[in-house]
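Hello,

I am passing a structure on to you, and I hope you enjoy looking through it. Have a look first, and then read on for what turned up.

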There are 4 protein chains.
Amino acid sequence: MNYSYAFEVRLHDVDHAGVMFFAHLFVHAHDAYEAFMAHLGLDLSTMISTGERLPIVHSSADYFQPLHHGEKITLTLEIKTLGETSFTIDYSLHATTGLLAKVRTVHVHLDPRINAAIPLPQTLRQRLQPYCNTPIS
Amino acid sequence: MNYSYAFEVRLHDVDHAGVMFFAHLFVHAHDAYEAFMAHLGLDLSTMISTGERLPIVHSSADYFQPLHHGEKITLTLEIKTLGETSFTIDYSLHATTGLLAKVRTVHVHLDPRINAAIPLPQTLRQRLQPYCNTPIS
Amino acid sequence: MNYSYAFEVRLHDVDHAGVMFFAHLFVHAHDAYEAFMAHLGLDLSTMISTGERLPIVHSSADYFQPLHHGEKITLTLEIKTLGETSFTIDYSLHATTGLLAKVRTVHVHLDPRINAAIPLPQTLRQRLQPYCNTPIS
Amino acid sequence: MNYSYAFEVRLHDVDHAGVMFFAHLFVHAHDAYEAFMAHLGLDLSTMISTGERLPIVHSSADYFQPLHHGEKITLTLEIKTLGETSFTIDYSLHATTGLLAKVRTVHVHLDPRINAAIPLPQTLRQRLQPYCNTPIS
């Protein structure tokens with residue numbers, strides 16, 4: 001199962017060359033992640049306020065085509081891997097011209113008191129599972 | 001007549017104090033302005049590409065209550081004044097707790113070749129007019 | 001007395017039209033404010049962590065000339081008014097072509113427990129005073 | 001040879017958790033890249049205006065420790081690979097607590113008219129070469 005999210009490229013997204021500044025792709029991916037978590041009944045704001053931390057320890061992006069000002073973008077998100085203490089999200093960005101870019105973020109469940117990775121909460125694991133399309137080896 | 005626009009406060013919007021960084025309010029106001037212009041059939045991207053310029057010459061904001069991470073915001077927009085060469089947009093931001101903030105932007109129709117204000121295009125004036133609720137003196 | 005701060009207009013600052021996106025001017029003004037406070041021996045991060053709040057309740061900007069990608073900007077900052085519970089900062093932005101823009105921010109000393117303005121701390125008042133060039137009426 | 005660049009973590013960089021929002025690391029890396037290019041006598045703004053394009057086709061980051069509000073960061077940059085039509089930049093971010101994060105960007109010399117990679121300009125290649133510490137195989 002995938003989660004879909006839509007946005008439009010706004011003036012503040014694009015640069016002098018008229019295309020999205022590469023770092024802003026990660027901002028939109030994270031907006032989609034927040035919307036996805038809310039869709040799962042998990043409110044990031046509440047999690048942070050109660051000391052729950054899922055920091056990103058790795059991120060990457062591949063840019064195949066520029067994202068132009070005014071373009072309507074469809075982002076689909078899936079859980080690539082669901083580990084003991086971490087999970088990986090893959091995001092694909094499409095427009096009418098095809099695949100524009102891919103983004104990946106790796107999140108770890110962190111205990112900030114001991115600064116170490118701890119097992120993912122069962123609720124989170126159960127809710128992410130349906131979006132994990134890769135067979136677990 | 002007003003134009004309504006909705007958004008949610010995302011993690012990248014808020015600061016160390018857990019509330020929206022003051023400058024980001026202007027970014028959301030401008031997102032609403034772009035959506036409003038598109039609603040009027042006026043595409044900002046095309047306008048910029050064809051050399052049409054409506055730069056902001058003044059902006060201001062009043063902050064009454066903090067905007068919290070995760071909060072759902074309703075923004076309403078109206079044309080405050082519609083002048084010969086410029087127009088003023090007022091934005092009001094509400095949440096369930098009431099009025100949070102007000103933003104104002106003043107746009108001028110600029111001829112970049114002579115760097116001077118020129119009369120607003122008739123099409124733009126006609127489409128903005130219904131959203132101007134202030135009697136023209 | 002004024003405080004001076006220098007920055008360059010970067011690719012992520014500018015938009016499709018090759019000039020600084022209007023909202024980003026406030027970001028640079030706030031960077032200058034943070035550097036100014038540190039210069040006064042007041043660390044904003046520590047203040048926020050210890051519950052001290054100086055939120056911005058009003059901001060405005062006037063844009064006289066566009067800020068171009070790559071341009072070196074000099075920002076000068078002064079305290080416009082120093083009130084009982086609030087202070088106003090004026091920022092002027094110059095380049096070799098003259099005055100580009102002006103920004104203003106109004107900060108209030110807030111007690112977040114009672115959500116009300118309280119007198120400015122004496123240390124803060126004393127350190128801001130030399131940068132207040134307006135005679136107090 | 002490395003290029004060094006310093007910056008401080010500002011209020012707009014950090015999120016609700018008091019640490020730098022992951023996407024903003026890429027913004028600072030790109031600021032360093034712009035300063036590095038200017039140091040080499042290559043002005044990005046002029047390059048873009050004259051139709052020269054070095055878009056980022058891949059980016060990644062590893063986050064080892066959070067970057068806190070107010071922290072002074074030292075970023076060092078080196079050319080990891082210098083290919084026929086592309087180059088890879090590695091950025092390391094340090095504070096007094098050690099290595100905080102690594103960022104990588106891959107840039108391609110693009111001919112926008114044919115939307116294809118073309119050989120790097122000789123001037124660019126010569127100026128990047130001293131910062132390429134990896135023996136070319």
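One definition to begin with: two residues are in contact if their C-beta atoms, placed from the backbone, lie within 7 Å. Please also keep in mind that this is a predicted model.

B:Phe26 belongs to the largest nonpolar core, which has 150 residues. The residues with the most contacts inside this core are A:Phe26, B:Phe26, C:Phe26 and D:Phe26.

Next, how the copies are arranged. Chain A can be superposed on chain D by a rotation of 180° with 0.0 Å of shift along its axis, and the RMSD is 0.0 Å. The two copies are thus related as by a two-fold rotation axis. Within chain A, the residue that comes closest to this axis is A:Ser60, whose C-alpha is at 2.0 Å. Both copies use the same surface, as 100% of the contact residues of chain A recur in chain D.

Chains B and A make another pair. A rotation of 180° superposes chain B on chain A, again with 0.0 Å of shift along the axis and an RMSD of 0.0 Å. Here the C-alpha of chain B nearest the axis belongs to B:Phe7, 5.7 Å from it. Of the interface residues of chain B, 100% are also interface residues in chain A, so the copies meet through the same surface.

What does the contact between these two chains consist of? It takes 12 residues from chain B and 12 residues from chain A. On the side of chain B, the elements that give two or more residues are α1 (24-39) and α2 (44-49). The largest share, 4 residues, comes from α1(B). By kind, the residues on this side of chain B are 3 nonpolar, 5 polar and 4 charged.

Finally, a residue to look up in chain A: A:Arg10 sits in the loop between β1 (3-8) and α1 (24-39). Is A:Arg10 buried or exposed? It is buried, because 22 other C-beta atoms lie within 10 Å, and the cut-off for buried is 20 or more. Not counting residues up to four places away in sequence, A:Arg10 touches B:Asp31 and B:Glu34. The C-alpha atoms of A:Arg10 and A:Lys72 are separated by 9.7 Å, although these residues are 62 residues apart along the chain.

Best wishes

Notes:
Residues are numbered from 1 along each chain as its sequence is written. Chains are lettered from A and ligands numbered from 1 in the order in which they are written. This is a predicted model: local features need pLDDT of at least 70, side-chain atom pairs count only at pLDDT 80 or more; totals for chains, interfaces and linings use all residues. A nonpolar core is a set of buried Ala, Val, Leu, Ile, Met, Phe, Trp, Tyr and Cys residues joined through C-beta atoms within 7 Å. A residue is buried if 20 or more other C-beta atoms lie within 10 Å of its own, exposed if 12 or fewer, and partly exposed in between; C-beta atoms are placed from the backbone. Copies are superposed by least squares on the C-alpha atoms of residues with pLDDT of at least 70 in both. Ala, Val, Leu, Ile, Met, Phe, Trp, Tyr, Cys and Pro count as nonpolar, Asp, Glu, Lys and Arg as charged, and the others, Gly among them, as polar.
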